[in-house]
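Please keep the sequence and the model at hand while reading.

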Amino acid sequence: QNDEGNQTGGEPPVERLRRTRRTRGNKSSLQNAIALKEKSNAVVQPFSRPRPKRKKKKVVVKPIPKAKSQPKPSKPSQNEYARPPSCLPSFNTASKKTEKRKREMPPPRRFTPGTHWRLDKTQIQLCYDASIEHYDKVMNTVKARALFAELQDGFDVLRERGRGRYDMELPAFDEDVFKFFTDPTQAPWMQVVHQILGPDVSLIHKGIFLSMPGAVAQNYHQDGPHLTTQYQRPCHAINVFVPLVDLTLRNGPTEFVLGSHILGYDGYRKSDSYIPLVKAGTPIIFDYRLGHLGMANNSNTCRPILYCTYANNSNGKAFKDSVNFSRKRYHRIGDLVDKPLSREERTRLRRTAQEARVNVKAVEEFVSKQQH
């Protein structure tokens, strides 16, 4: 330790001794003592190596790869129509087991509309007039009784299947004049129905699908599910659609997905889409499980379709769809109101009644004069 009582510098004694020995030959002892004292009083900084400068890594920004240009969709044709993206989401109801068993299906068969088993012009016009008259009566009843809230829920004789689309049950179809399609022995398409379902069938429902101008397209759906998901069962029910006007792409025909009645293939596939554009009175017969949708009506006229649902009587019991054809779910509208008379018709009736009263009064005066 030095005079102030502090330790010398922090320098090791061996190094200090070596340095003093090297400098003794050049300097005097007094100078060496002074130098040693100055060094002992000096504050020795701890040794530290300079930190090397780190090189900054350059951040390389990789450009985002451009998306591959997709081919433009082709324009719709009569046999193949592009699915509206806003209302037709892709459904895939197949289970995992059926997905494993799925195999490639053959290409769908294309059909050629025929002229067999059709309704004649008189029968078409009779059904058309009855459907329009029924629609007018229901709407007049809704306006007269202010049943607009109940209309959204549906009535037993009319229910809405989307904006501008109505499923109607006509009481007039129970009359004898319409036996040309309600009687199983007189309907012209019963030969095909028996070939599909067998000899013992029954008509479980009938009605009219009415699509008004501006009606939106339906979602892709099936009228009924499979009776079992374990295996593919034979057809147990079919629908017969009979358009009462010529079908075009503008007035809202029905789009079908061929092969969607098979278990595991019930999703929407544009490649299997088929739109039958048939003349009025031509029946369109399809499996009750076949996926389909009603397209939008972009025309200025309504599009009524007569439909009949047939089912086979297995063990004396016919298939019943309590979901689509249950009247308990809907309001009872009661007696329908006829179309209100126009101003001209009311004026004409008023004049006729006034003339009748004048004639009655003249007759009474004449009779009274004869008696006197």
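## Strand pairing around strand 9

Two strands count as paired if DSSP finds at least two bridges between them. The model discussed here is predicted. By that criterion strand 3 and strand 9 are a pair, because 10 bridges join them; the two run antiparallel. Strand 4 is also joined to strand 9 in the antiparallel sense, by seven bridges.

Is strand 9 mostly covered or mostly open? Of its 12 residues, 10 are buried, so strand 9 is mostly covered.

## The whole chain

The chain holds eight helices and 10 strands. Its length is 372 residues, of which 35% count as buried.

Taking contacts between residues at least 6 apart in sequence, 82% join residues at least 24 apart.

## Nonpolar cores

In soluble globular proteins, nonpolar side chains tend to be buried together. In this model the largest nonpolar core comprises 39 residues. Phe-181, Trp-189, Val-193, Leu-306 and Tyr-310 have the most contacts inside this core. At least two core residues come from each of helix 4 (121-145), strand 2 (165-168), helix 6 (179-182), helix 7 (190-197), strand 3 (201-211), strand 4 (237-243) and strand 9 (303-314). Helix 4 provides the largest share, seven residues.

Which residues does Leu-306 touch, beyond those up to four places away in sequence? The list is Leu-119, Cys-127, Phe-173, Phe-181, Gly-207, Ile-208, Val-240, Phe-241, Val-242 and Leu-244. Another core lies apart from the largest one and has nine residues, including Phe-241, Phe-256, Phe-286 and Tyr-307.

Three strands make up an open sheet with the order 6-5-8 and antiparallel pairing. Strand 6 (273-274) and strand 8 (292-294) are its edge strands, each pairing on one side only. Strand 5 (residues 254-257) is antiparallel to strand 8, with three bridges between them. Phe-256, one of the residues of the nine-residue core, is placed opposite His-292 of strand 8.

His-261 belongs to the loop between strand 5 and strand 6. With 25% relative accessibility, His-261 counts as partly exposed. Not counting residues up to four places away in sequence, His-261 touches His-226, Gln-232, Asp-287, Arg-289 and Leu-290.

## Buried loop residues

Gly-154 is in the loop that connects helix 5 (148-153) and strand 1 (158-160). Is Gly-154 buried or exposed? Its relative accessibility is 1%, so Gly-154 counts as buried. Apart from neighbours within four places in sequence, its contacts are Arg-159, Tyr-330 and His-331. Tyr-330 is 176 residues from Gly-154 in sequence, yet the C-alpha to C-alpha distance is 5.4 Å.

Glu-169 sits in the loop between strand 2 and helix 6. Glu-169 is buried because its relative accessible area, 8%, is under the 20% limit. From Glu-169 to His-205 the C-alpha to C-alpha distance is 8.9 Å, for 36 residues apart in sequence.

## Exposed positions

Ala-146 is found in the loop between helix 4 and helix 5. Its phi is near 55°, a positive value in a residue other than glycine. At 52% relative accessibility, Ala-146 is classed as exposed, because the limit is over 50%.

A nonpolar surface patch is formed by Val-363, Phe-366 and Val-367, which together have about 280 Å² of accessible area. Val-367 is part of helix 8 (residues 343-371). The relative accessible area of Val-367 is 40%, so Val-367 is partly exposed.

How values were computed:
Residues are numbered from 1 along each chain as its sequence is written. This is a predicted model: local features need pLDDT of at least 70, side-chain atom pairs count only at pLDDT 80 or more; totals for chains, interfaces and linings use all residues. Side-chain values use heavy atoms; hydrogens and water are left out. A nonpolar core is a set of buried Ala, Val, Leu, Ile, Met, Phe, Trp, Tyr and Cys residues joined through side-chain atoms within 4.5 Å. Buried means under 20% relative accessible area, exposed over 50%, partly exposed in between (1.4 Å probe, protein chains only). Helices (H or I, at least four residues) and strands (E, at least two) are DSSP runs, numbered from the N terminus. Contact means heavy atoms within 4.5 Å. Patches are made of residues with over 30% relative accessible area and no salt bridge: like charges are joined within 9 Å, nonpolar side chains (Val, Leu, Ile, Met, Phe, Trp, Tyr) within 5 Å. Accessible areas come from the Shrake-Rupley method with a 1.4 Å probe; for residues, only the protein chains shown count as cover. A salt bridge is a side-chain nitrogen of Lys or Arg within 4 Å of a carboxyl oxygen of Asp or Glu.
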